[in-house]
Amino acid sequence: MKVFSGSSNKPLAEKIAEKLKTKLSPLEIHIFPDGEKRVRILEKVVDNECVVVQSTSTPTDQNYMELFFIVDAIRRSGAKSATAVIPYLGYQRQDHIFREGEAVSLEVVIRTLEAVGMDKLILFDLHSIKIPELFHIPVCHLSALPLFAEKIKEERFTNNSTVLISPDMGGIRRIKMLSEMLSGMPYASIVKNRNLATGETTAEEIEGEVKKRALIVDDMISSGSTIITAVNLLLQKGVSEIYVFATHPVFSNAAPQVLQKSAIKKVFVTDSIEVPEKKQFPKLEVLSIAKMIADELKKKR
Ligand code: R5P
């Protein structure tokens, strides 16, 4: 098996390759003065199973184009198969029409991913469980929840003083699954409203009981507004210890500073997106999904 990496998340790709007892296969990405990219793989792939790791996080469009080009290069060079590992799938939140006149951006992305010649995709904690159904190629949808459950057990957060919190009703399924992994840890959900034009969030109520300690669980942190809205409501309701578990550290705008300054004790995320040094902060802990991905890739052999 040959493992290639785009430029968006090389540390994760290296860890995956290491767990597969191999090294990343070399490729050249040349950027022309006008910004166009030229991709060239520097290893023979004829009749080989190839894997390409690329998170389509910011800069989303550029990272997608790079992925398309790498898969095309692999295909044209005679690979037996091409599996794309996209730990964070850009545009996943635009999976349907919210307001009249909008494009369904995710569908455009899916059509292109399929057209370019991928055989299989490995994706992580998608915003909606319906997304895999939109593809016409096999999709393996992995989740960081087992990793979070392990961490919660390690931190010894007990069921009688801790409650899992979904910051919106859309995340209920996620916390129910996590609760099952934690011998029925209690859970509650915040009722969140988002202004579709401005993205601004508000939260007034919690469905379910809160406890002294709350673990907010979400798929991603982008601006941090959903988490901070949840934190403010939990503090008002008398919660005194708040931790956050979110798979994808999108961290746009000033999210790292806002999270660091908040009452949150610790923010656990995964390496589905590389967090550059300037976005790291003392309360952040990154858990690696490399083993889960490598284990899935091994199943193919
Ligand atoms: C929304 O439904 C998602 O699950 C996340 O809560 C949301 O996308 C996070 O975005 P932000 O950090 O900008 O509030």
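Which residue in strand 5 is the bridge partner of Glu 49? This is a predicted model, and in it the partner is Ser 81.

## From strand 4 to strand 5

To get from strand 4 to strand 5, the chain passes through helix 2 (residues 60-76). This β-α-β crossover is right-handed.

## The other neighbour

Strand 4 also has strand 1 (residues 2-5) as a partner, again in the parallel sense, this time over 4 bridges. Looking at who faces whom, Lys 2 sits opposite Cys 50 of strand 4, while Ser 5 is opposite Val 53.

Zoom out and you'll find 5 strands making up an open sheet with parallel pairing, in the order 1-4-5-6-7. Strand 1 and strand 7 (139-142) are the edge strands; each has a single partner strand, so one side of each has no neighbour in the sheet. On average, neighbouring strands are turned by 20 degrees against each other, direction ignored.

## Tucked inside

So how does strand 4 (residues 49-53) end up largely enclosed by the rest of the structure? Count its residues: 5 of the 5 are buried, and therefore the strand is largely enclosed.

In a regular strand, side chains alternate between the two faces of the sheet. Here both faces of strand 4 are covered. On one side, Glu 49, Val 51 and Val 53 are buried, and on the other, Cys 50 and Val 52 are buried too.

Note on methods
Residues are numbered from 1 along each chain as its sequence is written. This is a predicted model: local features need pLDDT of at least 70, side-chain atom pairs count only at pLDDT 80 or more; totals for chains, interfaces and linings use all residues. Side-chain values use heavy atoms; hydrogens and water are left out. Buried means under 20% relative accessible area, exposed over 50%, partly exposed in between (1.4 Å probe, protein chains only). Helices (H or I, at least four residues) and strands (E, at least two) are DSSP runs, numbered from the N terminus. Two strands pair if DSSP finds at least two bridges between them. A crossover is right-handed if, with the strands pointing away from the viewer, the path from the first strand over the helix to the second runs clockwise. Axes are lines fitted to C-alpha atoms, for helices over the stretch in contact, and angles run from 0 to 180 degrees between N-to-C directions.
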